[in-house]
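Subject: A structure for you to look through

Hi,

Here is the structure I promised to pass on. Have a look at it in your viewer first, then read my notes below.

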Amino acid sequence: MKQEQRPRRAFGLGLLGLALGLASAASTASEPKAWPEQMIRLVVPFTAGGSSDVQARMLADRLGKLYRQPVVVENRPGAGGHIGGKFVADAPADGYTLLLGSIGLHATYGVFKKLNYDPARDLKVVTVLAEMPHVVVATPSLPANDLKQLVALARKAPDSINFGSAGVGSSVHMIGELFKITAEAPITHVPYKGSSAALNDLLAGQIQLMFENPPTTLAHIRGGKLKALAVTGKTRLPALPDVPTAIEAGFPAFEATSWTTVAVGAKVPDAIADRLNADIRKIVTSPEFRQGLADQGMTPVANTRDVATRFVASEKVRWDKVIQQGHIAAE
C-alpha cells in the first residue's frame, strides 16, 4: 500500500501559522506594560504637616482615584529636600516614584557646594503644580506690627531677631534672605529640618519670625497665636484681606512666591511624563481642586512640561543672584 501523503498546501499553511504565532508572542512580550498598573509613591522631601505635604496629599487622593491604584505619600526630609530629591533621581525609571518638588530642589540648590547629584540633570519636571506668596509671621510679643517697624527693630538691635526655616536653601529660608538683603535688615537665620519644627519653636517663642507658607500659618494667625506683618505676593491674600503686601508696605523689591512641582527621574520615559502632565493638569484645573488650593492660600498653575522647564530655569538664575549676594552656603 502507498503511504498517504499530507497535502503540501496544508502543511505550508501550518508552518506559516506557527511562525506568525511566534512572531505575535515575541511582539507582545516586547511591548511595554500598561502604566500605571501598581502602587505609585509620591515623595515629599520635607516633614509631614507642611505646605508641600498638604498639596501632595490632595494630589495623591485624586491621582489614586483616577488611576485606580494606591498613591502613597512618603515623607523623606533632610538636606533642604535633597535627600528626597536624590531618592527619586535614583529610583527605577518606571514612573512609579514621583517627587513633590520645590524652589529648594530646583532653584536654590546652589547653596550646597557638594551635592551628590545634579537636580537639573537628574530630575525631569512634569509640571509646576501651584504657587503661593509667603506670610511674614511673628510672635505676638515681638514689638513690631508691620515691616517698617520690623526693619527699625532689627537695625536697632542687629541679629537679635531670629527667623526659622525648613532648612538652608528652602523657600522659607530664601525669601527671608531676600527680605534681609532688600530691606537691609540684620536678622539671623535658624535652619530646621522642616517648617513644622520651625513653626513649633515660633509658637513657643524660641524664635521670633518666619517667612512661612499660608497653609501652615492661617489657623495660628486667626487664633491669635501669631501675627501677620505682610504677604510677599503682588496682591493680598483673600484668606488674609487685612494684611498688606510687602509692596504696599513700601518694599517693592521684596516680592516673591514659592512654588511646587511634580517631577520624576530624568530617565523616566517622556510618554509617562506626558501622561502625568495631562492628568495632573486636569486634576489641578478642576473646580474642586482649585478650591482646595485656594483654601490653603495657593494658586493653581498646572503648565505644560516645556513651560514648566523654562520657568524653573529662570527661577534658578534669579535665586543664584540672591545666594551670591548673601554669601549663602550650607555647612
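This is a predicted model: local features need pLDDT of at least 70, side-chain atom pairs count only at pLDDT 80 or more; totals for chains, interfaces and linings use all residues.

**The six-stranded sheet**

Let's begin with the sheet of six strands, which is open and runs in the order β2-β1-β3-β10-β4-β11, with mixed pairing. If "pairing" is new to you, strands of a sheet pair through backbone hydrogen bonds, either parallel or antiparallel. The edges are taken by β2 (71–75) and β11 (299–300); each has a single partner strand, so one side of each has no neighbour in the sheet.

To find your way in, pick L123, which stands opposite G265 in β10.

Helix α10 (residues 270–284) lies across β3 (97–102), β4, β10 and β11, and runs at about 20° to β4.

**The five-stranded sheet**

There is also an open sheet of five strands, ordered β7-β6-β8-β5-β9, again with mixed pairing. Which strands stand at its edges? They are β7 (188–191) and β9 (227–231), and since each has a single partner strand, one side of each is left without a neighbour in the sheet. From one strand to the next, the twist averages 30°.

Within this sheet, β5 (residues 135–138) and β9 run antiparallel and are joined by four bridges. V136 has A230 in β9 as its bridge partner.

Two helices to look for here:

- Helix α6 (residues 147–156) lies across β5, β8 (209–212) and β9, at about 105° to β9.
- Helix α8 (residues 195–204) lies across β5, β6 (162–165) and β8, at about 145° to β8.

**Helices against helices**

Helix α2 is a handy one to follow, as it turns up in two of the contacts below.

Take α2 (residues 51–67) with α11 (residues 287–295) to begin with. Their axes come within 11 Å and cross at roughly 165°. An angle over 145 degrees counts as roughly antiparallel, so that is what α2 and α11 are to each other. The crossing is right-handed. On the α2 side the contact is made by Q55, M58, L59 and R62, and on the α11 side by E288, F289, G292 and L293. Sorted by class, that contact has four nonpolar, two polar and two charged residues.

Now α2 with α10. Here too the axes come within 11 Å, but they cross at roughly 115°, and α2 and α10 are therefore roughly perpendicular to each other. This crossing is right-handed. L59, R62, L63, L66 and Y67 of α2 meet R275, L276, D279, I280 and I283 of α10. By class, this contact has seven nonpolar, no polar and three charged residues.

The last pair is α7 (residues 171–182) and α12 (residues 305–326). How do these two pack? Their axes are 10 Å apart and the angle is about 60°, so α7 and α12 are oblique to each other. This crossing is left-handed. From α7 come M174, I175, E177, L178 and I181, and from α12 come R318, W319, V322, I323, Q325 and G326. The residues of this contact divide into seven nonpolar, two polar and two charged.

**A few local details**

The structure holds eight aromatic pairs. One of them is W35 with Y96: the ring centres are 6.1 Å apart and the planes are at 45°, so the pair is tilted. W35 sits in the loop between α1 (8–30) and β1 (40–44), and Y96 in the loop between α3 (82–90) and β3, so the pair ties together parts that are 61 residues apart in sequence.

Stay at W35 for a moment. A cis peptide bond joins W35 to P36, with omega at about 0°. P36 lies in the loop between α1 and β1.

Finally, go to E184, in the loop between α7 and β7. What is phi of E184? Phi is near 50°, a positive value in a residue other than glycine. As background for these last two stops, most residues other than glycine have a negative phi, and most peptide bonds are trans.

Cheers

Methods
Residues are numbered from 1 along each chain as its sequence is written. Side-chain values use heavy atoms; hydrogens and water are left out. Two strands pair if DSSP finds at least two bridges between them. Axes are lines fitted to C-alpha atoms, for helices over the stretch in contact, and angles run from 0 to 180 degrees between N-to-C directions. Contact means heavy atoms within 4.5 Å. Angles under 35 degrees count as roughly parallel, over 145 as roughly antiparallel, 65 to 115 as roughly perpendicular and the rest as oblique. A crossing is left-handed if the near helix is turned anticlockwise from the far one by less than a right angle, and right-handed if clockwise. Ala, Val, Leu, Ile, Met, Phe, Trp, Tyr, Cys and Pro count as nonpolar, Asp, Glu, Lys and Arg as charged, and the others, Gly among them, as polar. Rings of Phe, Tyr and Trp (its six-membered ring) pair if their centres lie within 6.5 Å; planes under 30 degrees apart count as stacked, over 60 as edge-to-face and the rest as tilted.
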